[in-house]
Amino acid sequence: MSLSQLVLCPLRILVAAAGLTASLAAQTTSPNSTPNSQQAPAPQPPQAPSAPTRANILRGAYGPYRANNDLLFYHLDVRVDPEKKFISGKNTIRFKMLKNDTRIQLDLHPALRVDKILFDTTELKYEREFGAVFVDFPKTLRAGRVYTIDFYYSGNPLETGRFGGIAFRKDPSGHPWINTACEGIGASIWWPNKDQWRDEVESMQISVSIPNDLVDVSNGKFMGKTDLGDGYTRWDWLVHYPINNYDVSLNIGNYRHFSDHLGGLPLDFYALPEDLDKAKKQFVQAKGMLEAYQHYFGEYPFKKDGYKLIEAPYSGMEHQSAVTYGNHFANGYLERDWTGVGVSLKFDFIIIHESGHEWFGNAVTAADPSDMWIHEGWTTYLECLYVEYMFGHDDAIKYVNGYKAKVKNAVPIIAERGVNAEPPQDMYFKGALFLNTLRSVVNDDARWWKLIHDLYQRFKYKNIMTEDIVQFFNQKTGKDMTPIFNQYLRRTAIPTLELKFNGAEDTVSYRWKADEPGFAMAVRVGKRDNWQLIQATTDWQTMKSPLTKDEFGVATDLYYVGVEKQ
Ligand SMILES: [Zn+2]
């Protein structure tokens, strides 16, 4: 099983839980090399990192033939034959050149054939290396000009892993059921595109031709269907916003549709006929979810496309405006109390988590998989916000702390940049615990709500790196929070508060044990209900306290920190 198979959200968690974590060792954690990064080098990982493969460099690097152009628009127009498990068609790719050049890099999995690549009527030459397709133009493309090519392809896509990238299945009543879920393995497993995270098209058209008796649900607004007269019908969808490649999806099946709305936002739901009644009950939770996230961050990001929830044969995925769902129409996560503290069974984990990605992952997007905590850490934190909105602060604190048991602290959350590296599972749980800590560091809820609202508004529809988030917080708070971000995201261990008690003098000495130079973080200590805020640094300081070693507490539910008492 390849490394990239683990990235499916949130399925990677299950895969890892099944013990298939060996490929995580393939991650490397060497220092990032972004020019604007002010951070100190990341620490050495516990195990020697293996060198990235040529295939992962081709996939992961934003090389010269990617950086020389800016994507504007895709029209993916495909025909899907369920019986032959065959896909064919073309992607019309419109892009603006940023530099004069004669070559661009696109991507298509080697299992699929390049039929031809047309530039107007000229057939272009190309070279393939692993998943990369280097396309050569007969004359120089000029910086600032817009060009369009038609990339024709066909073949039987490779079905790998549990969800297959694109999986040709049957539903329980024997109808074809074909779904895509290709985060990690990459969208080029089933269609040709510029398969990376930094650059997104501004909008996209998706046309899917399928046998007449089936339904296709893809991303965006449904524009209509056309009977092609040969037993196939074409379903047309229009995405009005930037979209990640891996979010582009097909859901082909014997679907039944029902709809609702939230204010002016259309809500469309798709389920198999035998699950329709269950879906009508369970999918009601979409409204509360949307209200909660709109409360904290602002309007649903893809209003023109609407919000869709679609039954799928796997647990779920955040496909933009077309979230897939396979959580058994039951609360919790696959019918379990996911965080084990009695809160998870109050709501449907997949509806709440996958839809949270509409704000973080789909609207605000990481520019490299190395910084995927921007998707998963934030969205796991959004679950906590949903709990706070629906069930109150006490449940939210219980819920986020329930995630501690899942944190490994074995490697840093941020992986190596530019090599298609997969961050560890800690990006989910430790990511959320870190953001809960940051709220306590800000120590003013009204300010915290404004900060996270404004952060989302500042970066929606953009592809960003962790540095952008750090810079935002530093600027808005007027404090250098870089060492705090670095300790939690670029270092392995969490900070530990060391405490030394002097009973004779009623004093306590304290300092942070942390890897990050200059680490300093205020923390609440003393007695619960009457916490005292101390400005702890990595240097020893002493405070008066009548509390004994046993009585003296640290607010470890508000800050994800270790405590060592001497
Ligand atoms: Zn996720």
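Guide: Let's start with handedness: a crossing is left-handed if the near helix is turned anticlockwise from the far one by less than a right angle, and right-handed if clockwise. Helices (H or I, at least four residues) and strands (E, at least two) are DSSP runs, numbered from the N terminus. This is a predicted model, where local features need pLDDT of at least 70 and side-chain atom pairs count only at pLDDT 80 or more, while totals for chains, interfaces and linings use all residues. Residues are numbered from 1 along each chain as its sequence is written, and side-chain values use heavy atoms, with hydrogens and water left out.

Visitor: So which crossing does α7 make as it passes α9?

Guide: A right-handed one, so by the rule the near helix is turned clockwise from the far one.

Visitor: Why are α7 and α9 called oblique to each other?

Guide: Helix α7 (residues 373-391) and helix α9 (residues 426-442) pack at an angle of about 60°, with axes 7 Å apart. Axes are lines fitted to C-alpha atoms, for helices over the stretch in contact, and angles run from 0 to 180 degrees between N-to-C directions. Angles under 35 degrees count as roughly parallel, over 145 as roughly antiparallel, 65 to 115 as roughly perpendicular and the rest as oblique. An angle of about 60° belongs to the rest, so the pair is oblique.

Visitor: What makes up the contact of α7 with α9, by class?

Guide: Contact means heavy atoms within 4.5 Å. Among the residues that meet are W373, Y381 and E388 in α7, and F434, L435 and R439 in α9. By class, there are 8 nonpolar, 4 polar and 3 charged residues. (Ala, Val, Leu, Ile, Met, Phe, Trp, Tyr, Cys and Pro count as nonpolar, Asp, Glu, Lys and Arg as charged, and the others, Gly among them, as polar.)

Visitor: Is R439 buried or exposed?

Guide: Buried means under 20% relative accessible area, exposed over 50%, partly exposed in between (1.4 Å probe, protein chains only). R439, which sits in helix α9, has 6%, so R439 counts as buried. Leaving aside its neighbours within four places in sequence, R439 is in contact with residues including Y381, E388, H393 and D444.

Visitor: What makes strand β14 largely enclosed by the rest of the structure?

Guide: Of the 8 residues of β14 (residues 232-239), 6 are buried, so the strand is largely enclosed.

Visitor: And how do you know which strands pair with β14?

Guide: Two strands pair if DSSP finds at least two bridges between them. Strand β11 (residues 203-211) has 8 bridges with β14, in the antiparallel sense, and I206 has W237 as its bridge partner. Strand β13 (residues 221-227) has 6 bridges with β14, also antiparallel, with G224 opposite D236. β13 and β14 form a hairpin with 4 residues between them, and G229 in the turn has a positive phi of about 80°.

Visitor: Why do β16 and β19 stand at the edges of their sheet?

Guide: That open sheet has 5 strands in the order β16-β17-β18-β20-β19, with mixed pairing. β16 (256-262) and β19 (316-317) each have a single partner strand, so one side of each is left without a neighbour in the sheet. Inside the order, 3 bridges join β18 (residues 307-311) to β20 (residues 323-325), which run parallel; E311 is partnered with Y325.
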